[in-house]
Amino acid sequence: MTEADKNLMYFNPDEEESPKQTAATAPKDAPEPKPEIMMELRDVSKAFGEGDQRIMVLEGFNATFEKGQVTSIMGGSGSGKSTVLKHMIGAYKPDSGKIFVDGEDITGFNQKQMDTVRKKFGFMFQSGALFQSMSVEENVALPLREHTDLNETTIKIMVKLKLEMVGLRGCEHLKPAQLSGGMIKRIALARAIALDPKMVFYDEPSAGLDPISIGVIDKLIVDLTKKMGITAVVVTHELPSAMRISDKIIMLFKGKIVFEGSPEEIRTSDDPRVIQFINGSPDGPIPFSKSQVDLGEELKQMNFL
Ligand SMILES: Nc1ncnc2c1ncn2[C@@H]1O[C@H](COP(=O)(O)OP(=O)(O)OP(=O)(O)O)[C@@H](O)[C@H]1O
Ligand SMILES: [Mg+2]
């Protein structure tokens with residue numbers, strides 16, 4: 001049994017949080033313990049395309065992702081969120097800059113070396129990405145069957161533990177078509193943590209869900225992160241959700257970080273780009289149009305004007 005499974009045995013999602021240390025009980029002048037860094041992107045830049053079509057998608061991107069914390073990446077469409085995620089999971093290599101996992105520089109790693117690193121990662125994709133022909137049990141068991149030599153009984157027990165964590169034990173026999181959208185996300189989450197990853201990447205975990213289901217997913221992300229000591233990276237458009245779950249929010253605009261800080265700090269930011277994003281305003285420094293070229297100029301060049 002792994003360390004995380006031992007923790008699970010004592011995990012009760014309904015139990016009260018242990019009382020937090022208050023200013024009155026904390027020893028005076030005790031320095032805040034600094035969380036350890038799980039992953040770092042240092043001065044990462046990436047461009048796509050050639051000549052006129054060349055666009056800088058990430059420019060001097062610097063960020064750290066701390067162990068046991070939830071970091072959310074937010075920003076408008078096309079701001080570079082997925083590109084950051086793809087660098088983190090090794091799907092893209094940076095044009096310049098470095099990527100560290102657990103203090104190890106993985107920038108130059110080949111496919112085989114990356115496969116070893118990826119064993120530390122869990123992924124929850126936007127659509128859930130469950131296999132329709134497989135039962136819930138088979139879907140959650142898949143990473144265990146592919147990446148471990150565990151026997152069938154152990155796999156069944158581990159699947160049960162993971163399903164218990166997401167509140168869906170008893171659904172083993174169901175097929176994805178028999179599940180609601182919220183249940184699919186929870187099963188995808190159970191599969192993402194099947195191998196007890198150190199780090200889980202969530203791509204739009206609450207997209208398309210009703211507010212209660214969003215609340216359920218939010219609680220699961222926080223519980224898993226805190227109780228299993230997982231490092232969570234969440235790409236999301238749901239501001240209320242990001243405010244609830246994040247230790248840190250990174251906001252991107254045109255491939256650059258325009259804000260990095262706590263939910264409280266984002267609320268009080270006076271950066272017009274942050275204010276526009278928080279208020280969901282169509283007018284402001286973040287343009288609605290994707291085009292960099294003025295429409296009038298483009299029509300003039302085409303001899304329309
Ligand atoms: N493989 C690629 N080839 C060329 N351009 C790309 C590639 N991947 C991303 N881009 C461009 O990089 C920019 C950022 O894309 P990215 O997918 O990271 O945005 P995003 O913030 O995830 O947006 P959304 O919220 O719409 O998912 C976009 O202009 C996109 O067209
Ligand atoms: Mg994206």
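**Overall features and helix packing of the predicted chain**

Residues are numbered from 1 along each chain as its sequence is written, chains are lettered from A and ligands numbered from 1 in the order in which they are written, and side-chain values use heavy atoms, with hydrogens and water left out.

The chain contains 11 helices and 10 strands, which are DSSP runs numbered from the N terminus (helices: H or I, at least four residues; strands: E, at least two). Of its 305 residues, 45% are buried, where buried means under 20% relative accessible area, exposed over 50%, and partly exposed in between (1.4 Å probe, protein chains only). Among contacts between residues at least 6 apart in sequence, 66% join residues at least 24 apart, a contact being heavy atoms within 4.5 Å.

Two helix pairs were examined. Helix α6 (residues 181-192) packs with helix α7 (residues 211-228) at an angle of about 10 degrees, and their axes are 10 Å apart. Axes are lines fitted to C-alpha atoms, for helices over the stretch in contact, and angles run from 0 to 180 degrees between N-to-C directions. The two helices α6 and α7 are therefore roughly parallel, given that angles under 35 degrees count as roughly parallel, over 145 as roughly antiparallel, 65 to 115 as roughly perpendicular and the rest as oblique. The crossing of α6 with α7 is right-handed; a crossing is right-handed if the near helix is turned clockwise from the far one by less than a right angle, and left-handed if anticlockwise. Gly182, Lys185, Arg186 and Leu189 of α6 make the contact with Val216, Ile217, Leu220 and Leu224 of α7. These residues comprise 5 nonpolar, 1 polar and 2 charged, with Ala, Val, Leu, Ile, Met, Phe, Trp, Tyr, Cys and Pro taken as nonpolar, Asp, Glu, Lys and Arg as charged, and the others, Gly among them, as polar.

In the second pair, the axes of helix α4 (residues 136-147) and helix α5 (residues 152-165) come within 9 Å and cross at roughly 115 degrees. This crossing of α4 with α5 is also right-handed. On the α4 side the contact involves Val136, Glu137, Val140, Ala141, Leu144 and Arg145, which meet Glu152, Ile155, Lys156, Met158, Val159, Lys162 and Leu163 in α5. The contact of α4 with α5 has 8 nonpolar, no polar and 5 charged residues.

Helix α2 (residues 81-88) is mostly covered, with 6 of its 8 residues buried, namely Lys81, Thr83, Val84, Leu85, His87 and Met88. Gly90, with a positive phi near 85 degrees, follows α2. Val233, in strand β8 (residues 231-235), is buried at 0% relative accessibility. Beyond its neighbours within four places in sequence, Val233 contacts Phe65, Thr71, Ile73, Leu85, Met88, Met199, Val200, Phe201 and Tyr202.

Asp196 has a phi near 50 degrees and lies in the loop between α6 and β7 (199-203); Asp196 is buried at 18% relative accessibility. Glu204, in the loop between β7 and α7, has a positive phi of about 50 degrees and is buried, with a relative accessible area of 9%.

Notes. Predicted model: local features only at pLDDT ≥ 70, side-chain atom pairs only at ≥ 80, totals over all residues.
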